[in-house]
Structures are given as structure tokens and as C-alpha cells.
Amino acid sequence: MNLLTPILFFAAAAAALPASAQQPARPDLIVAIAVDQLSGPLFSQYRPHFTGGFKRLSEGVVFATGYQAQAATETCPGHATILTGAHPARSGIIANSWMNLNAAREDKRIYCAEDERVPGSSGDNYTVSPFHLKVPALGDRMKAANPRSRVVAVAGKDRSAVMMGGHNPDHRWWWSRDRFVTHADAPQPPVAAQVNSSVARALAQARPAIAPSPFCEAKAKPIQVGQRTVGTNRYQRVAGDASAFSASPELDAATLAMAAALTQQLQLGKSGHTDLLAISLAATDLVGHRYGNGGAEMCLQLQTLDSDLGSFFAVLDRLGLNYAVVLTADHGGLDIPERQGPPATRVDPALNPKALSAAVAQRLGLNGEVIRGDGAFGDMYIDRSDPARNAAIQTATKELLAGHPQVEAVLGFAELAAMPLPSGSPESWTPAQRARASFDPERSGDLVVLLKPQVTPIASPTGTYVATHGSPWEYDRQVPIIFWWKGIQRQERSEPAMTVDIMPTLARMIGLTVPAAEIDGRCLDLPGYRCPAR
Ligand SMILES: [Zn+2]
């Protein structure tokens, strides 16, 4: 991938250190990678075909069936679990956005990574901030224990950089339309501008189609979805098309190039104190939404990412770093129903919040929008100024949806608030317990609607968005959790680890104490790193 070439050039100057098979007591650099929308089943399906970075990681400790345990399997909650050890119920990040019907602003939709204290802030036009994250992330804990530890976050989405980087990273960079950006008052290392220039040059050129491997070629079958045909795209792109650049393997290559460049310029892992590099790779998600995850597009994305991850690790090797990697995902995903066939289906348009609101209002003889929500599932908000009216709307909605063939459950606020946080194996949690894990009394809706499995909550795809995630079902909850370092003893682990277990496990590796009462996850035993007795 040409975007990584300049970075490989930078790194070539660094002296290569002899590889050591001995894992020292503490890594100098933790590299935490989230591959947005990489489900456990998708990883397992592609695993035998990987030859690059994914293959290297596959030779570490692999929990192929890890869990994002909560019902809200979305980007912001998912990324927040990875390095905080906290379920969304504790982190406060219950969705990509939620509603505050009492907010003193016109737009009642609150974005997870906005600073709503900034005058004029809205769900679409905001200052990027960790303000809503109620807990510290690993980087915050590392810096509290040792202020000389450095924390860098680089991501394809602003919310991913925020939720993995925590409250006080040294650098936080995210992709914004056609370049990486950071906060207005943040330091701008020269290498960031160099990577942006490389990106601009790549973007200004047309991109030829990617040549598929026979494995990917076999997946290239055209599928009609609305007015579009998906399944056979090879990422050919005209010069300057930033949208096509973003929803392609090029975005992840650029993100890895930025991460590698910052690692080298900032000398991460060279100070004698453990540093943290958090990376979120967004292209798999953007590809999944645009094409579904069962066609040639996803195959080419994962094949290219595998190769680019290999190049990225080669850079870290050449820098002579003693690093440990954890790779996981913020959530999984579901392929388009048009390719899967029955029982997979698209949601009944009557379940969209506007239609549902109109039906409930008519039933109760009310006027206006009585239910607000972001889609046909998840949190639904009802005005709370009149408790009797609120209760009547909740009851009418439940009655209306009872017996709907696509509705699994409609959970009320009081019902979720009264439940204890679930514990034990996430495999055995009930749908209501999964919803409880992403319930926050300050931010959750009056109702939480869960759809049946295999229902894609996009009624009729009109734009480029054909597939999604967000359900409480295994295809959205299961994600790989992989640990790797040089010389690690290979292990296949079948226990259902959770992404909230990652933070305490990494903390154990670097000798950081995290009180069990402050988090939901637990340390996982890894070769050479036994967890403290509990
Ligand atoms: Zn997504």
C-alpha cells in the first residue's frame, strides 16, 4: 500500500534490534487496535486466509468469541468498553447519540463525543470531547500512576479516538472527511502534516481497482439492494473522491500510516515508561454499511487491511520496540438480508419512531411527536413533564408492539432501572440483561425496543447505507479479542471473554493496580502474566 511507503522510509533509518523470544516483565508500548465492525464470525471465516498482520496476531492468544456484552452494539459504546473496563451502564456511553428532551437547545440529540457545554453545540456541529465519558480510560490511569507515560489515539472516527484515548491523551487525531485533524489547541507534530500531505497526494490520484484473490473473487456476486448493486465493487475511485476513499481500505492504510509516523516522531516506547498507542480502524465498518459484510467488498477490505497491518507491525519491529498488541472490535455486524435470504429481513417501516409515534398518538388522542428515537430500535424518549401522560404513552406503545412479529421486547425505564447489572458469562445473559448493561438512568430512554434476530433496522435503503449493527444478538455482540507480543505462547481460548476484560488484563501486564469495584471487567490470565488472586 503506497500510503505506508513514506512511513517505512522513516522507519528504515531506525536501527533494528535483535528480536528476543523472551517477554520482559513489562512492554514499553501497548498497541490497542479496534477494527470497527469486525465480528467474531467474520474474523473466524477469514482467519485461514490471512497472511499478514492478522496472521501474526492469530499466532498469539486468541479469544475468537469475545463479547461486547451490552445490547447497544454501536461504535461509541463499544469503543468505550475496550480501554475503560466498564460496560456502557458505568461509562455513560450508552449509544452513539441519545436524547435529552429537556436540553435548552433546539437539537435534543446529544452526540456521545461532543462537549455540550460549548455554546451553540449540537448533535451534528460540535466540539470533540471526552466530556460524556464518566470513567477513566487505561491511558488516564497510566498517566495518573506515572505522568511520564504517553498516550496517543489515532482513529478513523472522532468518537473512537475519544473513547479509546480517554480524558487526557497527549495526542488525539481523527479522520475528518479528507484528512486527520486534532483539537485546535493541541500540539501539531510536523509528521502529522507530512502524513496529511501523503494522504492528499494519494486522494488526488484516481485509484485502480484492487485485484481480488481467488477467495475474494468467489464472493463477487451482484446483489440488488434498492437502486444499487452491491457485491462486486473493487474500490476503483476517481481522483479526489474523499467519500470513496473513506469507505475503502485506503482509510485504514492512512490511519496506520499516521499511527506509525507518530510512534516514530514521538519516540513512543523508548522512554523507559510504558506508553499507549490506541488505534481505531474505521473502514471495515464503513464498508460493511455500504456493501454488507458478505461480498467481495468486505473480502478485499480485510485482505488489504491484513497486508497493511503486517506493514505496520514491520515498522514497529524496525523501530526496535518491545510492544504488546491487543486487537478487538467495537461491535460485529449483520449482512444484507437480500444476500442472506429468509429469515433475514428488513424492518417494518411501521416501527420507525415517527410512524410509531403517530400510531400511539392516534390511539391516545394526542397531538404531536409523542415518541422520539434515532431508529427502529434502541432508546425511545417520551416527555416526562406529565408522569401520567408518560405512563400512558409507554403502556400504549407496549400494547401496540406486543405480538409484532419483528419485536423481541419493549423494556420500560423503571423495569431496567430495577434490574441489577448482569454478571457471569455474557453468553447466558437474557436480552433484558444485555439492555441493562447499556442502561444509564441519566441518558437512557423511557423505552428500549429490541428487535428479533436477523431484522435489519433499515426499512428501505435509499442512500449508500444498506446494512448495520446495534442489536443484542450474537452477530453484533461477538468480537475477536486477541493478545500478541513477540515470543508469546500461542493459545486458542474458548471462554467467553468480554471487551471490558481487556483493560484490567493490560493493567496487569504493566503492573498497574485497578480496584475491582471501579470496573466491570476482570483480568484474563495470559502466558507469563497470571492475574492477581481475587
Ligand atoms: Zn457502524
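**Zinc site, aromatic contacts and sheets**

Arg384 sits over the face of Phe413, 4.9 Å from the ring centre (a charge is over a ring if NZ of Lys or CZ of Arg is within 6 Å of the ring centre and within 35 degrees of the ring normal). Keep in mind that this is a predicted model, where local features need pLDDT of at least 70, side-chain atom pairs count only at pLDDT 80 or more, and totals for chains, interfaces and linings use all residues. Residues are numbered from 1 along each chain as its sequence is written, and side-chain values use heavy atoms, with hydrogens and water left out.

**Zinc site**

- Asp285 (OD), Asp285 (OD), His289 (NE2) and His469 (NE2) coordinate the zinc ion at 2.1 to 2.4 Å. Donors here are N, O and S atoms within 2.8 Å of the metal (3.2 Å for Na, K and Ca), and sites may look incomplete because water is not among the atoms.
- What geometry does the site of the zinc ion have? With angles of 56 to 155 degrees among the four donor atoms, the site is irregular. To count as tetrahedral, four donors need all angles between 85 and 135 degrees; four count as square planar and six as octahedral if opposite donors are over 155 degrees apart and all others between 65 and 115, and anything else is irregular.
- For reference, the ideal angle for four tetrahedral donors at a metal is 109.5 degrees.
- Along the chain, the zinc donors follow the spacing D-x3-H-x179-H.

**Helix H12**

- Asp285 and His289 are about one helical turn apart, because they lie four residues from each other in helix H12 (residues 283-291). Helices are DSSP runs of H or I with at least four residues, strands are E runs of at least two, and both are numbered from the N terminus.
- H12 is mostly covered, with eight of its nine residues buried, including Val287, Gly288 and Arg290.

**Aromatic contacts**

- The count comes to 16 aromatic pairs. Rings of Phe, Tyr and Trp (its six-membered ring) pair if their centres lie within 6.5 Å; planes under 30 degrees apart are stacked, over 60 edge-to-face and the rest tilted.
- Trp175 and Phe245 make a stacked pair, 5.5 Å centre to centre with 15 degrees between the planes. This pair links distant parts of the chain, 70 residues apart: Trp175 is in strand S6 (residues 171-176) and Phe245 in helix H10 (residues 242-246).
- Trp175 counts as buried at 8% relative accessibility, and Phe245 is buried at 0%.
- Phe43, Tyr46, Phe50, Phe54 and Phe215 form one aromatic cluster.

**Sheets**

- Nine strands make an open sheet with mixed pairing, in the order S7-S6-S5-S10-S1-S11-S18-S2-S19 (two strands pair if DSSP finds at least two bridges between them). Its edge strands, S7 (179-181) and S19 (491-493), each have a single partner, so one side of each lacks a neighbour in the sheet.
- Strand S2 (residues 61-67) and strand S18 (residues 478-485) run antiparallel and are joined by five bridges; Phe63 has Ile481 in S18 as its bridge partner.
- Another open sheet has four strands in the order S13-S14-S16-S15, with antiparallel pairing. Strand S14 (residues 378-381) pairs with strand S16 (residues 447-451) over three bridges, and Asp379 stands opposite Val448 in S16.

Definitions and conventions
Buried < 20%, exposed > 50% of the residue type's maximum accessible area, 1.4 Å probe, protein only.
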